[in-house]
Amino acid sequence: MSETTIERDRTAQRPNGIGADAPRKEDDRLLRGDGRFTDDVDPARALHMAVGRCPFPHARILAVDVSAASELEGVRQILVGADVARRSEPISVLRPVPGAPPLPFYALAQDVAVFEGQPIVSVVATSRAIAEDAVELIEIDYDPLPHVSDTIGALEPDAPVLHPGVLSSNLLATNPQGAGEPEERMAQADVVVEDRFHINRVTGLPMETRAIVAQWRPGARELTVHHSTQVPHLVRKQLAESLRMVEGEIRVIAGDVGGGFGLKLGVYPEDVLACLHAIDLRQPVKWVEDRLEHFRATTHARESVHDFRIGATADGRILAMTNTYTTDLGGLNSPFGSAQLSTIVFTGPYKVEDGYVERRVAITNKTPIGAYRGYGQPEVNFARERLIDRLARRVGKDPLELRRQNMLRPEDLPFRNPGGGLYDSGDYLATLELVVDAVDYDGLRRAGRGPRPDGRLVGVGLTSFVERTGYASAKFLANRGSQFGAHESVTLRANRSGGIDLYTGTPTFGQSSETAFAQVCASVIGIDFHAIRVHAGDTGATPLNTGAFASRTMIAAAGALKQASERLRDKALRIAAWRLERDGVEGLAIDGDVVRDPDDPGRSIALAEVFTAAIIGQGIPIGEEPGLEATAHFEPEEAAYAFGSAAAVVAVDPETGDFAIERFVMSHDCGVAVNPLLVEGQVQGALAQGFGAALSEDLTYDPDTGQLVNGTMLDYFVPTAADIPEVELHHTAVPSPVTTFGVRGVGEIGTIPPGAAIANAVCDALAGEGVELTALPVTPERVWRALQQARNRSETS
Amino acid sequence: MKPAPFDYIRPATVAQAVDALDQHAGMARVLAGGQSLVPMLGMRLMRPSALIDINGLEDELGRIECSGSETTVGALVRYATLERSPVISERLPLLAHVVRYIGDRQVRNRGTLGGAVAQSDPTGEMGLVCLALGASVLARGSGGERTIPIEQFFEGSYANVLEPEELLVALRFPLAPSRCRFFERGRKHNDFALISVVAVGSEDADGRWHDVRIALGGINDRPVLAPAAAARLEGARWDAAAIEEAAQLALEVADPPDDVRASADYRRHLVPVHVRRVLTDLAAGEDR
């Protein structure tokens with residue numbers, strides 16, 4: 001495997017170029033307290049907003065009395081539902097559910113609220129505390145309506161219909177996809193394994209909650225919006241739509257963003273409210289979401305139920321897979337809606353040509369579901385990989401052997417899977433063999449299944465997976481009604497100091513794009529990494545782009561960066577050649593802060609001189625345009641598929657269900673790594689969120705009251721560093737043929753394996769008891785209950 | 001998450017603090033470390049008319065004093081102090097040991113023993129250890145000071161027998177048995193316990209155990225002793241059968257809650273398992 005393992009490229013063409021562990025450009029300011037997050041923006045005369053929210057899962061709003069609140073000293077304005085309907089349009093979506101009718105909703109609920117936490121009123125006052133006092137003084141008369149919390153229950157005929165004006169049931173849409181003849185293959189199969197898998201509702205919990213500062217200057221006709229977002233240009237578009245403004249009147253600025261994970265992909269009701277208040281009051285209005293609001297008003301994720309089925313021959317060759325799954329949308333749409341990628345990767349890295357997958361979207365009285373790191377891929381991976389292990393036991397093979405037997409080989413690629421995904425390239429099996437070797441799988445198998453002296457049972461679990469990164473094309477997105485493109489855009493502008501200003505609409509939210517972008521430019525241009533200054537996230541200064549999500553940033557931006565860098569470099573060299581009195585640019589190269597002639601090392605010219613000449617248009621070749629700037633837009637030809645495998649070794653206490661994760665090894669391939677250090681950080685960070693969702697996080701609604709019972713940091717068990725097992729990471733690097741430099745996306749892959757690998761390991765440890773886990777998270781109590789059930793089954797049978 | 005309005009009072013003496021409590025007639029809350037109170041204020045789950053900040057009363061409330069076999073720990077002694085105090089390590093090692101199960105470093109630097117006991121969280125480590133060690137609560141009101149045996153102190157979830165105008169000023173501990181063992185399990189590192197178990201006792205030269213006390217946390221609406229379990233082991237040598245019997249007897253006091261951390265069934269299942277394991281470890285010479 002060593003030939004495919006990334007060698008840290010210490011000898012990259014440029015120091016801190018592509019392949020180098022460049023230090024993060026972002027860290028100096030963040031570590032020294034000089035970051036500027038939205039709450040750090042503190043304009044003079046700023047007012048503060050608080051939002052009154054529906055305490056019921058489903059209720060008719062009978063009356064709203066703001067009189068007492070209006071009289072509180074310091075209160076400046078109160079908006080109710082009717083004000084918002086008069087003054088704004090419903091909030092638009094960015095990635096609609098294919099085939100679904102629109103579910104329009106305003107920033108404040110009109111007659112009926114459909115989830116606990118939905119905004120009902122908003123108050124602006126001279127302080128947040130006063131605004132919160134005022135919210136308490138507003139009397140809202142509710143008529144609680146029957147609610148539905150359960151994803152599958154919402155589709156039962158007797159469930160209350162939540163949007164009766166638009167739909168006759170709570171099924172928003174059904175999206176089928178498939179290839180081949182899966183039912184015929186199932187009929188031919190010697191073995192069919194199937195089960196229902198429940199995926200928990202979780203949330204991404206960025207350290208910085210959502211936040212906005214809106215300021216309207218009527219004379220300038222400019223609404224300046226500081227916003228904690230992953231997509232400032234898309235926020236500008238959505239705000240213009242909701243506020244009935246033109247985009248030119250709105251400037252959205254995303255400064256430092258304290259984590260996004262898919263939760264900050266567009267406009268939420270509070271954004272529209274803050275802008276309406278700011279426009280009316282002609283004073284800046286700030287709203288910073290508190291953590292209680294965050295748990296109820298920022299999108300949740302993942303909740304879904306998968307009915308997965310695998311048919312195989314008696315010797316374990318997989319003939320077909322099907323998955324009919326229902327995602328929970330919550331009460332309303334969100335900019336991205338519930339996860340869509342459980343469809344496209346449902347067959348994983350296996351050679352399956354006959355398959356069928358159907359996505360159903362159910363509406364419930366819960367917080368809307370949105371995008372979250374992984375967006376359907378961890379969910380379906382759990383279902384499929386649990387069943388692969390079941391299939392192995394049924395046909396009497398080791399799960400490792402069954403995976404080896406069915407995995408796509410490099411020569412099978414490119415491969416169009418039944419979910420519609422086109423796998424570009426890769427050596428999937430190599431990643432599996434890496435983790436198998438690392439955990440000494442054969443040794444663990446030889447050690448046998450008896451309990452240890454401490455009574456614990458040891459198990460090992462495997463999972464292999466692919467990850468769709470980036471988007472196939474603008475055409476693919478257009479077919480699905482998406483309101484954005486598959487490309488990225490970047491502007492490079494030389495400055496007189498000999499540096500380059502890099503302008504991008506991709507804000508900085510922990511994904512280190514500033515660093516990675518500068519590395520690409522440094523490599524292509526030859527300029528010093530430190531001479532590149534990245535300006536990110538201001539729609540008033542950056543080229544229109546799509547934004548940072550779907551592990552797509554480098555997939556698309558690499559091409560734009562390369563093209564813009566080449567154009568700027570070539571022009572700079574022409575000017576340098578002319579000033580050096582040479583005939584052509586041949587042999588000239590930028591080297592750090594100079595343009596050098598390698599044949600004549602004594603002859604060089606400072607970049608600052610070349611750039612200044614271009615900028616002032618003095619001393620440049622005749623016929624050459626003044627100025628030195630390049631903008632490029634790039635759309636990759638296809639999505640790139642990252643891939644990997646993981647192994648978990650657990651020791652289970654069969655008396656309590658408690659288990660320790662003693663080893664967790666993951667291997668993955670993100671193609672060419674622009675910065676291996678950042679890749680490792682991305683994978684580790686996503687793994688941490690993956691462990692949380694796999695082991696402990698579980699947003700729970702009381703079935704009787706319909707209320708969220710664990711919407712605080714006290715009761716929502718997000719893991720700390722002490723709760724996360726040590727992870728051993730291995731890499732392979734198969735360049736993708738569909739992207740510039742051969743990169744694959746890397747932001748999300750770590751979320752995929754923990755649930756499947758850990759559950760498979762626990763079930764392996766308890767195979768003697770016949771335990772099969774079918775739900776996340778895998779808590780000790782759930783393991784104990786599964787043990788009880790298995791023991792009861794064996795007693796009664 | 002901004003608190004509702006309140007008055008802020010910072011008394012210079014315990015007498016002033018008690019006066020302020022009296023004046024606010026049960027509507028005031030005492031601010032010590034603030035680790036439980038401040039989040040509750042932010043969530044507006046508590047709306048006191050006043051906060052009485054006792055952090056200026058280190059002289060009166062921040063001492064650890066020894067008198068014969070007794071150790072008196074002031075209400076304002078912080079967890080971090082307990083953790084590092086040589087006196088506590090020597091005389092009440094269990095109290096120092098369990099601090100590592102409380103919150104994080106920041107919480108331990110601010111949180112206080114008196115605050116924890118007054119808060120009366122049914123899953124709290126401090127109340128559980130005070131119960132296992134047979135401490136007494138010293139409380140001062142306008143009528144003077146009284147001593148409350150810890151067994152009579154807790155009244156329910158976050159409830160105790162302190163009068164609204166009384167200030168908890170100290171915990172007084174008798175001589176601790178020579179041996180102790182603590183176990184705690186939560187849903188995540190240092191989270192609220194879904195079960196915690198303490199066993200203490202002294203083993204004589206003959207291998208018989210005396211002064212046995214077994215206490216459970218997270219299993220009831222308050223920390224509780226398991227007297228039947230302790231009685232089974234008092235004066236006895238501990239073999240596997242005796243320990244198993246005691247473990248089952250511990251269930252007699254268990255009335256576990258059903259909540260987001262664990263079901264009542266699961267907690268009930270865990271009680272004899274972990275009591276047995278704690279006792280087995282203690283018998284095997286594995287302390288703390």
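A:F415, A:Y423, A:Y428, A:Y641 and A:F643 together make up one aromatic cluster, where rings of Phe, Tyr and Trp (its six-membered ring) pair if their centres lie within 6.5 Å. The model is predicted, with local features needing pLDDT of at least 70 and side-chain atom pairs counting only at pLDDT 80 or more, whereas totals for chains, interfaces and linings use all residues. Residues are numbered from 1 along each chain as its sequence is written, and side-chain values use heavy atoms, without hydrogens and water.

**Aromatic pairs**

- Over all chains, the count is 18 aromatic pairs.
- The ring centres of A:F295 and A:Y716 are 5.3 Å apart and the planes stand at 65°, so this pair is edge-to-face (planes over 60 degrees apart; under 30 is stacked and the rest tilted).
- This pair links distant parts of the chain, 421 residues apart: A:F295 lies in helix α8 (residues 291-297) of chain A, and A:Y716 in the loop between α18 (676-695) and β28 (728-732) of chain A.
- A:F295 has 0% relative accessibility and therefore counts as buried (under 20% relative accessible area, 1.4 Å probe, protein chains only).

**Charges over rings**

- A:K25 lies over the face of A:F529, 4.5 Å from the ring centre (NZ of Lys or CZ of Arg within 6 Å of the centre and within 35 degrees of the ring normal).
- A:R552 lies over the face of A:F549, at 5.8 Å from the ring centre.

**Helix contact**

- Helices α10 (residues 377-395) and α11 (residues 399-406) of chain A pack at about 105°, with axes 8 Å apart.
- α10(A) and α11(A) are therefore roughly perpendicular (65 to 115 degrees).

Notes:
Chains lettered and ligands numbered in written order. Axes fitted to C-alpha atoms, helices over the stretch in contact; angles between N-to-C directions. Helix = DSSP H or I, 4+ residues; strand = E, 2+ residues; numbered from the N terminus. Parallel < 35°, antiparallel > 145°, perpendicular 65-115°, else oblique. Buried < 20%, exposed > 50% of the residue type's maximum accessible area, 1.4 Å probe, protein only.
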